[in-house]
Amino acid sequence: MSGTRVQDETSGQIETAETGTPASLDVGAVTMSETEIVLDDEDGGRKNDDEDALRKLAIEEGKKIILLCCIGGGLSSLDRQAMSVAIVPMSQELLYRETVKGSVSSIFSLGYTLSLLPLGLGQQLLSPKLLMAGGVLTWSMLTIATPSAAYHGTPFLLAARMGVGAAEAVVVPTVQTFVARWVPRQNRSTALSLLSSCFSIGTITALLVAPRVVDRFGWPAVFVAFGSTGAAWVGAWMLTAKDAPPVPIDPPSKSALSTGEG
């Protein structure tokens, strides 16, 4: 009868009565497919293990980067508050009127406000590492140059302070970028709280240290000392920071894995 299967007692193979073709080829194909699935699973497991190992290393590396971000944030507050202490002896020496002192204070905020949005957008187009380094180096050099600018005239001083404000606008968006890329999701609020605290620490440090520097070395020394600290920070940053980890810092969720497998 057509389609009837018979058992070959000598070979142990199942043949069709009509063609005599061994049906074990289908079984072999199935066996081969199962083997491939097992191998794929093993490869996937090894890949996941490698990614987990890289992720752990990235988290440790990220801690160093975020620490440098904290220090950078503190330095921005340090240089910002230097003027609030130095403006008193500067005014006495350079005979600034109240309008000049008010302009010096407000011009910083103007530069900061004008640069904040462009620098925030720049995070998506340029290297955050280089943006941060460029911003810190720029405001540090302008801080060091502030005494010279003041002696050259009020317009030069205002230009320098506006440049410091514009450069310091790089800190907040860049720090947020690094936290999003290098800190696991469950730890990001803690990291941002730490960074916020460092801004306050920088302000407190400036208000404690700057008067002592002015009393001992004169008001120009405040800008030179604080600006030089920022320039030194840039060297450590360039050696340590990276734009992004080698693998996403957060492992894929189970729902994402299920969707991918489907």
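L78 is a buried residue, with a relative accessible area of 9% (buried means under 20%, exposed over 50% and partly exposed in between, with a 1.4 Å probe and protein chains only). The model is a predicted one, so local features need pLDDT of at least 70 and side-chain atom pairs count only at pLDDT 80 or more, while totals for chains, interfaces and linings use all residues. Residues are numbered from 1 along each chain as its sequence is written, and side-chain values use heavy atoms, with hydrogens and water left out.

L78 sits in helix α1 (helices are DSSP runs of H or I with at least four residues, strands are runs of E with at least two, and both are numbered from the N terminus). Setting aside residues up to four places away in sequence, L78 touches G202, T205, A206 and F226, where contact means heavy atoms within 4.5 Å. In sequence, L78 and I201 are 123 residues apart, yet their C-alpha atoms lie 8.7 Å apart in space.

S76 also belongs to helix α1, and at 1% relative accessibility S76 counts as buried. Beyond its neighbours within four places in sequence, S76 is in contact with W139, E168, V171 and F199. A polar atom of the S76 side chain also lies 2.6 Å from the backbone oxygen of G73.

Now for the empty space. Rolling a probe the size of a water molecule over the atoms shows where such space is left. A pocket here is an open set of points on a 1 Å grid over the protein atoms alone, where a 1.4 Å probe fits, with protein on both sides within 12 Å along at least five of seven lines; lining residues have an atom within 4 Å of a point. The largest pocket holds about 190 Å³ of space, a volume being the space filled by probe spheres set on the points, which are joined across faces, edges and corners. Its lining has 13 residues, and K63, I66, V183, N187 and A191 lie nearest the centre. Helices α1 (24-94) and α6 (188-217) each supply at least two lining residues, with the largest share, six residues, coming from α1.

The second largest pocket has about 160 Å³ of space. Among the residues that line this pocket are R80, M83, I87, K101, F108 and R161. Two or more lining residues come from each of α1 and α2 (98-122), and α1 gives the most, with five.

Note on methods
A polar contact is a pair of N or O atoms within 3.5 Å; within protein, one must be able to donate a hydrogen and the other to accept it, and residues adjacent in sequence count only if both atoms are side-chain atoms.
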